[in-house]
Amino acid sequence: ARAPPTPPRRHRARPRPSTTASVSRRAACARGAKRGVGARRLDGSGDDAVRSAARSRRDGRAWSSSRVVDARDDDAVGLAVRALAEGKVIAVPTDTIYGFAACARSARGVEALYRIKSRNAAQPLAIAVGDVRDVGTYGEVEHLPRGLLEAILPGPVTVLTKRRAGARGASESLNPGVDLIGIRVPNSDFVRAVCRAHQGAIALTSANKSGETSTTAVDEFAPLWDGCERVFDGGRIEAQRLGSTIVDLSSHDGAYAIVREGERCASLMRVLEDVYNLRLKTTT
């Protein structure tokens, strides 16, 4: 008898890859390409590209952080003075808020201050000096009662007075065409030491973009670090972000005006009125 015929062999179909998985892999590759990394190559060079990109990001953060210096370090004042001499911007802790500073006699430095803040060039800058006796170098103060400046400075006050004609140590690019000048002697050992070592005034403004909130810690203006040669960290400033009180003492008739209410405004007014008999100028 003949053997029964052998049934035909059935070939099992191989499973096709999941459509969802394929789409996911394609999407991942697309995302990698957008990042500039691309798909991993067989020779391993894709891994090198990934490591190189990560290293660049890390080095960028390290460079920004290297700009930050503890204001208490022994070499902090020297680093600040060197940067000022080169026409660079530095960030400093004052007695009210953090500020950006540049050499007041450097046109390059003054321009850099306006640039880092995106500040309108028509808005004048104040200056800071190391000691009360230096105020008269830049502004006219002979008409003020004896002892008045010493009573309110150093402190959170900007004294507005007539700019002294031909005063050395201030660039022509600093507030051109403006008759008055704002002068500070901050109650900050670091800022005053820098001014003394620099042997001149520094142009000073708040460490923030124009129109934005004032800062009391260096981390609050971290996006602007790259515009500074050095950022001097004095810790968090315990203040109300008001800045200094700006008082106009340019009048020769025994009157004063408050241009901006800042830190300790009320106590300043009491000293001016009760001790030195100045009267508040009223507007009509």
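Leaving aside neighbours within four places in sequence, Leu153 is in contact (heavy atoms within 4.5 Å) with Val132, Val135, Val159 and Val185. The model is predicted: local features need pLDDT of at least 70 and side-chain atom pairs count only at pLDDT 80 or more, while totals for chains, interfaces and linings use all residues. Residues are numbered from 1 along each chain as its sequence is written, and side-chain values use heavy atoms, with hydrogens and water left out.

Leu153 also belongs to the largest nonpolar core, which has 46 residues. Such a core is a set of buried Ala, Val, Leu, Ile, Met, Phe, Trp, Tyr and Cys residues joined through side-chain atoms within 4.5 Å. Buried means under 20% relative accessible area, exposed over 50%, and partly exposed in between, with a 1.4 Å probe and protein chains only. Phe100, Leu149, Leu153, Phe221 and Leu249 touch the most other members of this core. Helix 4 gives the most to the core, with five residues. Helices (H or I, at least four residues) and strands (E, at least two) are DSSP runs, numbered from the N terminus. Apart from this core lies another, of 19 residues, among them Ala76, Leu79, Val191 and Leu204.

The aromatic residues come next. A search of the whole structure finds three aromatic pairs. Rings of Phe, Tyr and Trp (its six-membered ring) pair if their centres lie within 6.5 Å; planes under 30 degrees apart count as stacked, over 60 as edge-to-face and the rest as tilted. Phe100 and Phe221 form an edge-to-face pair, with 5.7 Å centre to centre and 90° between the planes. Phe100 lies in strand 3 and Phe221 in the loop between strand 7 and strand 8, so the pair ties together parts that are 121 residues apart in sequence. Phe100 counts as buried because its relative accessibility is 0%. Phe190 and Phe232 form a tilted pair, 5.1 Å centre to centre and with 45° between the planes. This pair links helix 7, which holds Phe190, to strand 8, which holds Phe232.

Strand 9 pairs with strand 5 in the parallel sense over four bridges, where two strands pair if DSSP finds at least two bridges between them. With strand 10 (residues 255-260), strand 9 pairs in the antiparallel sense over three bridges.
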